[in-house]
Amino acid sequence: DGTRRPMGGQGGRKKQTSKALTKKVAPKVATITKASTATASKGAAKPSAAGAKRTKGPNVVPVGDAESEYSADEESPATRAMVVDATTKATITSQLKKAGRVRPTPADAGVLYLGHIPHGFYEQEMKGFFSQFGTVSRLRLARNKKTGRSKHYAFIEFKVAEVAEVVAKSMNGYLMFSKVLVAKVLKPEEVHPELFRNANRPFKPVDRTMVARQQHNKVRTEAQASKREGTLLSAEKRKRRKLEVLGIDYEFDGYAAAAQNPKKRLRGVITDQQAGATKALKKAKADALAA
């Protein structure tokens, strides 16, 4: 029929179509590129009033030239001193004092981690055993805060770093009372600043039952007793409402009945004058001990 058909079937038609589109679009792209290049060259040829060559872009105000939202008499938040209440200030001060008490590990000292420690091998026994290798400057055995029992791992600081390496090679895998010890030297960056807090001191577990008993039975003023009574009564009301929603008949009198008894309400309660006298007596005793 004399018509020219593309080779390769459908794939040939796609190739020829893409070539035709490229021929049509290419001149337009070239024209746009030339126009943008000419515009950029014109903008670059005109210097600014200050003489600096700046490209055309968004209006950016330098940091020094920006207007401040604060007047000359007011201070910006960056320069204004932060106000801290007395409780927060006391907490921060005590934490800083505690942090300053712990002596940092010297550069020439070595810190050893000792794990899988058996029961009976405590601070005194460990210091006596490891002193045969070299001088033990500090030793801290991890213990449970409630019971005081050993947690089976400790940190030992030797005065000389080479001694710690010798102890790690000698004691790693050592069998002691059916326990295989794990010993390794800690890198300087692995040593926490407060790792040896309360080291070389006998551990005294806190009797939390006694502390709770003293807190419960402590003498209170009339204002403190009234506040505590209101807290107990409101909590009991919430509990009664929850039980009522669940369909439970709660007939126990509870705190509401006990609050009607004057003897129980006055038990362990002192007046403000008595509280002031007690406080003054404690202060006088403290001053006498300090003197």
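Which residues is R138 in contact with, leaving aside its neighbours within four places in sequence? In this predicted model, they are V102, R103, P104, T105, F155, I156, E157, F196, A199 and N200.

- R138 is found in strand 2.
- The relative accessible area of R138 is 7%, and R138 counts as buried because that value is under 20%.
- The side chain of R138 makes a polar contact with the side chain of E157, at 2.7 Å.
- A polar atom of the R138 side chain also lies 2.8 Å from the backbone oxygen of R103.

**The largest nonpolar core**
- The largest nonpolar core has 20 residues.
- The members that touch the most other members are L114, M126, F130, I156 and F158.
- At least two residues of this core come from each of strand 1 (110-115), helix 3 (123-130), strand 2 (136-143), strand 3 (150-158) and helix 4 (161-171).
- Helix 4 gives the most to this core, supplying five residues.
- Not counting residues up to four places away in sequence, F130 touches L114, F121, V136, I156, F158, V167 and M171.

**Another core**

Definitions and conventions. Residues are numbered from 1 along each chain as its sequence is written. This is a predicted model: local features need pLDDT of at least 70, side-chain atom pairs count only at pLDDT 80 or more; totals for chains, interfaces and linings use all residues. Side-chain values use heavy atoms; hydrogens and water are left out. A nonpolar core is a set of buried Ala, Val, Leu, Ile, Met, Phe, Trp, Tyr and Cys residues joined through side-chain atoms within 4.5 Å. Buried means under 20% relative accessible area, exposed over 50%, partly exposed in between (1.4 Å probe, protein chains only). Helices (H or I, at least four residues) and strands (E, at least two) are DSSP runs, numbered from the N terminus. Contact means heavy atoms within 4.5 Å. A polar contact is a pair of N or O atoms within 3.5 Å; within protein, one must be able to donate a hydrogen and the other to accept it, and residues adjacent in sequence count only if both atoms are side-chain atoms.
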